[in-house]
Amino acid sequence: MRITALAGGTGAAKLLRGLSHVLDPRDLTVIVNTGDDAEIWGLHVSPDLDTVCYTLAGLIDERKGWGLAGETFHALDQIARFGEPVWFNLGDRDLATHLHRTRLLREGRTLSEATRAIVSALGVSARVLPMSDQPVRTRILGPDGWLAFQEYFVREKAQVEVRAVNYAGAPVAHAAPGVLDAIATADAVLVCPSNPITSVGPILAVSGVVEGLRTTEATVAAISPIVGGDAVSGPAGRLMAAAGLPVSALGVARAYAGWLDLLVFDERDRALGPALRAAGVTPVAAPTIMSSRDAEVALARDVMRALGSRP
């Protein structure tokens with residue numbers, strides 16, 4: 001089965017790792033959010049692309065959920081002496097990825113081409129695509145004005161009141177090469193358990209993506225990142241509430257209304273099943289907390305079973 005996944009964040013990376021154990025990774029295409037991308041110390045940093053690649057390569061720092069295992073931070077310590085901002089932690093080996101990507105971009109390569117080079121060098125078998133080669137940047141409106149996503153999420157630790165979310169650049173951005181074809185030709189499209197507003201939202205804002213999801217013959221499924229009325233991790237709950245969505249699996253279904261066929265949601269929220277059916281999606285209850293490698297694989301198997309049982 002050919003799977004195309006829309007992904008961003010640590011929950012997505014865990015599910016993708018689980019999926020890589022239950023299907024041939026070469027049958028997996030991952031379309032990754034780049035709304036979180038930022039320029040740090042003059043380098044192009046792509047946090048979600050790197051988290052997906054590091055995880056699938058078996059290199060991720062398991063405890064943090066980002067960065068490389070066994071990382072050191074000597075460059076971070078040194079650059080602080082020069083008065084540079086150090087609220088965004090870049091490890092020494094992680095810097096090599098950003099240096100390589102930035103050099104390729106400055107030589108005229110696209111982000112897709114740079115990503116392909118990084119994926120190959122890391123030995124990742126899945127196909128990993130940025131959502132767009134044009135810059136789309138998620139911005140958060142707080143009480144004191146607009147913040148870049150990393151300023152909101154890392155520097156301010158997502159504690160700022162959110163008044164609005166904007167995807168700067170999205171109106172003129174085009175889907176990266178291969179993105180729309182991957183959605184059109186997949187046997188199934190999966191929206192990973194990612195923040196609907198700031199991980200999946202930027203992907204959907206890119207021209208052609210929503211239309212592709214509406215018209216694909218593939219089953220389109222999502223895994224809810226909301227369990228028991230709160231996000232499994234991160235600020236998804238607060239951001240959904242700020243967008244006027246219920247902080248529940250039903251809110252996830254409403255965020256993806258118009259093209260979602262099936263929603264995998266946590267078994268402890270089983271009572272939401274009838275409301276999800278009324279919202280037009282097929283509900284599938286399953287254990288969705290990926291607290292171990294075994295749990296990642298188990299959820300991936302549940303998702304594949306749900307896809308296989310749907311006509």
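Author: One term before the strands: two strands count as paired if DSSP finds at least two bridges between them. Also, this is a predicted model.

Reader: Fine. How many bridges pair strand 6 and strand 8, then?

Author: Five bridges, in the antiparallel sense; strand 6 covers residues 137-142. Within that pairing, I140 stands opposite V165 in strand 8.

Reader: And how does strand 6 pair with strand 7?

Author: Antiparallel again, over four bridges. G142 stands opposite G145 in strand 7. Strand 6 and strand 7 make a hairpin, with two residues between them.

Reader: What order do the strands take in that sheet?

Author: The order is 7-6-8, and the sheet is open. Strand 7 (145-148) and strand 8 (164-168) are the edge strands, each pairing on one side only. From one strand to the next, the twist averages 30°.

Reader: Which helix lies across strand 6 and strand 8?

Author: Helix 8, residues 196-205, running at about 45° to strand 8.

Reader: Other topic. What is the pairing in the seven-strand sheet, parallel or antiparallel?

Author: Parallel; the sheet is open, with the order 5-2-1-9-10-13-14. Its edges are strand 5 (127-130) and strand 14 (282-286). The twist here averages 20° from one strand to the next.

Reader: What joins strand 9 to strand 10?

Author: Four bridges, between residues 188-191 of strand 9 and residues 219-223 of strand 10. A188 stands opposite T219 there.

Reader: Which strands does helix 1 lie across?

Author: Strand 1 (3-7), strand 2 (28-32), strand 9 and strand 10, and helix 1 runs at about 160° to strand 1. Helix 1 has 13 residues, 10-22, and reaches 19 Å from first C-alpha to last, close to the 18 Å expected.

Reader: Which residues of helix 1 are buried?

Author: G11, A12, A13, L15, L16, R17, G18 and L19.

Reader: Last thing, pockets. How much space lies in the largest pocket?

Author: About 1000 Å³. Its lining has 42 residues, and the closest to the centre are G9, T10, D48, W66 and F153.

Reader: Which elements give two or more residues to that lining?

Author: Helix 1, helix 2 (47-56), helix 4 (92-106), helix 6 (149-155), helix 8 and helix 10 (236-242). The largest share, five residues, comes from helix 2.

How values were computed: Residues are numbered from 1 along each chain as its sequence is written. This is a predicted model: local features need pLDDT of at least 70, side-chain atom pairs count only at pLDDT 80 or more; totals for chains, interfaces and linings use all residues. Side-chain values use heavy atoms; hydrogens and water are left out. Axes are lines fitted to C-alpha atoms, for helices over the stretch in contact, and angles run from 0 to 180 degrees between N-to-C directions. Contact means heavy atoms within 4.5 Å. The expected span of a helix is 1.5 Å times one less than its number of residues. Buried means under 20% relative accessible area, exposed over 50%, partly exposed in between (1.4 Å probe, protein chains only). On a 1 Å grid over the protein atoms alone, a cavity is a set of points where a 1.4 Å probe fits but cannot get out, and a pocket is an open set with protein on both sides within 12 Å along at least five of seven lines; lining residues have an atom within 4 Å of a point. Grid points are joined across faces, edges and corners, and a volume is the space filled by probe spheres set on the points.
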